[in-house]
Amino acid sequence: MKRLWRWLIPVAVLPVLALLAYGFKVSPRDIPSPLVGRPAPAFALATLDGSPLSLEGHRGKVVVVNFWASWCYPACYEEAPVLERNWRGYRARGVVVVGVDIQDKREAAEKFVADFGLTFPVAQDLKGTVSVDYGVYGVPETFFVDRKGQIRVKHVGAVTDDVFRATVDRLLAEPSAP
Amino acid sequence: MTADLGYGMTLVALGLAVYGSIAAGAGARTGRLALVESAQHAAVGVFVLVTTCFALLTYAFLTFDFSVRYVATNTNLGTPFYYRITGVWGALEGSIILWSWMLALYTIILIVRHREGARELYPWALATMLGILAFFLLVMTVAAPPFQRQVPVPADGRGLNPLLEDTGMITHPVALYLGFTGFTVPFAFAMAALITGRIGDTWLALTRRWTIVAWYFLSLGLLIGGWWSYHVLGWGGYWAWDPVENAAFMPWLTGTAFLHSVMIQERRRMLRLWNISLVILTFGLTLFGTFLTRSGVIASVHAFTQGSIGVLFLSFLGLVLLSALGLVAWRWEAIRSEGELDSVVSRESAFLLNNVLLVAAAFTVFFGTVFPLLSEAVRGVKVSVGAPFFNQVNIPLFLSLVFLMGVGPLIAWRRASLDNLTRNFLWPVALGIVAAAAAFALGVRSVLAALTFATTVFVAVTIAVDFTRATRSRLRLGESLLPAMGRLLLRHNRRYGGFVVHLGILIIALGVMGSHAWSVQTETTLHRGEAAELAGYRVRFDGLTAVEESNHLKVVGAFTVSNGKPLGVLRPAKKFYPQEQAPIAYVDYRLGLREDLYLVLGDFARDGSQATIKLQVNRLVSWIWIGGLVLTLGAALAILPERHKSA
Amino acid sequence: MNNNRRHKFIAGGLVIAAALGYMIYAGVTQSAVYFVTPAELQAAPVPGKAYRLGGMVVPGSLKWEPKSLDLSFTLSDGTATVPVRHKGTPPDLFGEGRGAVLEGSWTADGYFKANLIMAKHSEEYKAPHDQNQAGYRELIKTLRGEGR
C-alpha cells in the first residue's frame, strides 16, 4: 500500500493542468457595442466604379458591412479572401457583403480590390461619417445586419469562415420584416 | 525564397533533433557509443540550422523583406536600423527562434563540456536536451512559423511596437531567455540521474555552474525588466505583479531554493528527493512561464497573441511534469536520503527553512496568478487579486528570507552550540537592534521600514564578522592585509561570491523598501511659466515643441527643475506612431542615489499653453540597480574555477 | 529518521502550511477585485466593494477638467450605463467610443469612483492611419508656430 502513495506525486499535477486547460475556454475578447440590437445607421455612398451604394437598397437581405483599409495589415489581408469567398457562396441566398474603405487613398483601395479580386460592392467613406455613425475605432470591424435592418453582431478583427457562416446562417433562418 | 528556405531549414532541424534525441537515448540504453556520437553530430547540425534561420530572419528584417509575414508585422520602412535587429525577437515567432537558438547553443556547450566526464549521465542528458529542443522546433514549424509568406506583399509593414524601441529590448529578453533555457541543463541531468539510477551527487556537481549561470541571467533579466518598466512605461514603478512578471519570478524563487539546497546535499547527503523535485519544478515553471505569455489564458499587459500555441505548450508541460515526476515515483526508494537532521538550530535547518519560505513564496505567486481561473472554474465568479495580495503575503516571507541570509552562512552544521551562536550573532543582533532604534530616532515610523533596516544591518554585520575573522586569521599567519583579503576571496570564491550576492540582495531590499515607504507623487496642470512643487523640488513648465522622427512624431515638453539650485531641464515626451491607436508617453527623469525625480507628460493643450503632468519623487530606487551590479560581481566570483579546497 | 523527530517535522510543516494558508486567505479576501459589467453592477451595487468594471466609454459623455484633474464619463455595455469619476489624467489609449477597464468602488452617492483606468488594447486593431496623421501634423504645425 505504501508503495502506491508515491504515485500520487505525478497524479497531483493533473488538477493543475486541468485548471490551466479550463483557461482556454474562458478568454473572451469581446467589447460590448452599444449598437448591437439597434437599427443599422443608414448610409449613401458611391462604389469605386461609380454606382450608388446604400443600406436601404438592400433592405430585406442579410447585410454584412465590413470596414477595412489597405494599410490595415495583417487582419484585412487575412479576411479579404474570406469575405470574397463567402460573398460568392451566399449571394444567391439573399446576403450582400458591403465593403467600406476608411481613411485610404483611392489608388491604394483600388489596388487592394484588384489584388484580392473582390467582386462585392466596395465604397470609400471619404467624409468619415459612416465610420463615426457605426462607432468604428479600428479596422477591421464587421457588422452583421439582419433582414429587418438591425445590427445583430459586431465582429472585431479579421472575420473567419466559421464566424461568417455561423452568423449569416443564423440570420438567414429568421423571417424578414412583415 | 527566403520564406521557403527558412521553413525548409526549420523542418530539417526538427527532424535532426528528433533523430538525435532518440539516438542518444538508444545509445545510452545499449551502450553503443556510435549512436551517441551520431546524436552529437545531429545536435551540431541543429545548431547550425537554427543559427542560419536566425541569420536569415535578421537579414530579412534588415532588407525590409515584407514578403515574410513576420517582417511585415514587426517593422516598417521607418524602423531604425538597430531596432530592425532587436525586432527579430520582439514578437512571438521570433521569441521562439531565440529560445530554440539558446537551447541549441547550450546543447553544444553541454556536449563539449561533459561528453568526457560523465559517461553514464551524459547520453541521457543529451537525449533530454534534444527532445526539448525538438519540441520548440515543433512549435516553430507548426504553431508559430517565423517564415510564413505574405501574399500579396504589402508596400509597407506595420512597425515594431513602440514600447519595444528601447535599449531594454535588446537585453531584457536575451537575459531572461538565457536564464530560462539555462535551467534546462540541470533538468536534463536530473532526468539522466533518475533514468540511470545514479541519483547520488554526480549530477549535482556537474550542474552547479550551470545553475548559477542560469540563476544569474534570470536575476539579470528580472532586474532589467524592472528597469525597463520604470523608465519606459511611465507609471513610476518597476514591478506590478503582472502575470507575465510572475511567470518569470516563480522559477527564480524555486531556482534560488535549489541553489541553496544543493549545498546541503553536497555536505550532508540530505534532501536528495527535495533537490530533484526542485529542479523539476523550476524547469516546469519556466515552461509554465512560456505557456502563460503565449496562450492568452490569463490577461496581461505583456501577453503575446493566442492561438494553438497555448495548447501545444500546455500539453508539453503536462508531458514533462508527468514523466519527470513519474520517474521520481519510480525511483522513490533509491532517492531517499541517508543523512538526518540533527537539530532545529543548525545550518541544515536554516537552509531548509530558506527553501520552505522560497517555495511558499513561489506558491503564493502561483496561486495569485491563477486565482482568476480558479475562482471562475469553481464559483463562476470572475475575481482577480492585485498587487496588495502579493505584497501582503510575500513581504513577511521575503523579510524572513533576508534574515536567514545572515543566519545560514555562519551557523554551525548539525547542531549549533550556544557558544557558536553568541560568537557569531551577538554583534549582528545588537547592531541590528541599534539600527532599528536609530531609524526610529531619525523619524522613521513605518514598522516595516524599521524591520527592514534592522534585518539588513544584521545580515551585513554577519558578513563583516565572517570576513574580518577570516582575514584576521590570515594576518596572524604573516600575510599582509590586501593580499590576505584577495586570497581569501579567490580561495573560497564560492563562499565569498555568495556573500557578495547576498550583499547585492541587501542593497536591493533597501531600495525596494525606500521606494515603497517614502516615495511621493502629485498630479497637476500647469500653464506656461507656472511651477509645481514636491519634496523640495520646483518644476516649471516652459513650453512644448514638436519634432518629426523617421517613424514617429514627437511632442516634447520642457520643464525647468530646481531644488534651491538649478538642476537642468527635463523633457518628457509623447510619441505618435502612425500604426498605433494612441500616443506613447516617454518619461524623463533625474536619477540620484537618494531619490529620483520622475516626470510624465499627460494631457496637453493643442496650442501648447498648458500641460498636465504627473510628478514623482521616488526614493532609493537607484539602489535596486546598484544592488543588481553587486549581484553580478558576486555571481562572477562564485563561478570562477576553484583553486583548491581549503577549510 | 526516528519517529519522534519525523512527527516533529510533520507538525512543523503543518504549522507552516497553515500559517501560509491563513495569510493567503486573508490576502485574497482583502484584495479580491470582482469583474463586473455595467449591467451586473447596476443590478446589485455594493458600496465599498472593490470592482473591476469593463465596458465602452459612451461617446459624448467624457468631461475632462485639466485644472482640477477631474475626469468623468459614462461606461456602457449596451444594456446599462454607469457614471464614473476619476482624479487624474486618463491613460493614452483611453477615449470615447473605446473600451476601458476600471478598478475602483461604487460610492453611496451613486457613481463609480475609479482608482485605476486601464484602456483596452487589441493587437488586431489599427488606428485610423491618415486621420491621426493629419491631426497630428496640424498639432505639430501649431506647436512649431508656438515654439519659436
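Chain C averages a pLDDT of 76, with 76% of the residues scoring at least 70. Over residues 122–136 of chain C the pLDDT is below 50, and this stretch has 45 contacts in the model beyond near neighbours in sequence, contact meaning heavy atoms within 4.5 Å. The model scores ipTM 0.78 and pTM 0.84.

In chain B, four strands form an open, antiparallel sheet in the order β2-β11-β10-β9, where two strands pair if DSSP finds at least two bridges between them.

| Edge strand | Residues |
|---|---|
| β2 of chain B | 520–527 |
| β9 of chain B | 588–590 |

Each of these edge strands pairs on one side only. Neighbouring strands of this sheet are turned by 20° against each other on average, direction ignored. Helix α19 (residues 493–518) of chain B packs on the sheet, touching β2 and β11 (610–619) of chain B, and its direction makes about 130° with that of β11(B); axes are lines fitted to C-alpha atoms, for helices over the stretch in contact, and angles run from 0 to 180 degrees between N-to-C directions. β9(B) and strand β10 (residues 595–604) of chain B pair in the antiparallel sense over three bridges, and R590(B) has L597(B) in β10(B) as its bridge partner.

Residues are numbered from 1 along each chain as its sequence is written, while chains are lettered from A and ligands numbered from 1 in the order in which they are written. In this predicted model local features need pLDDT of at least 70, side-chain atom pairs count only at pLDDT 80 or more, and totals for chains, interfaces and linings use all residues, while side-chain values use heavy atoms, with hydrogens and water left out.

Notes. Helices (H or I, at least four residues) and strands (E, at least two) are DSSP runs, numbered from the N terminus. pLDDT is the predictor's confidence in each residue, from 0 to 100.
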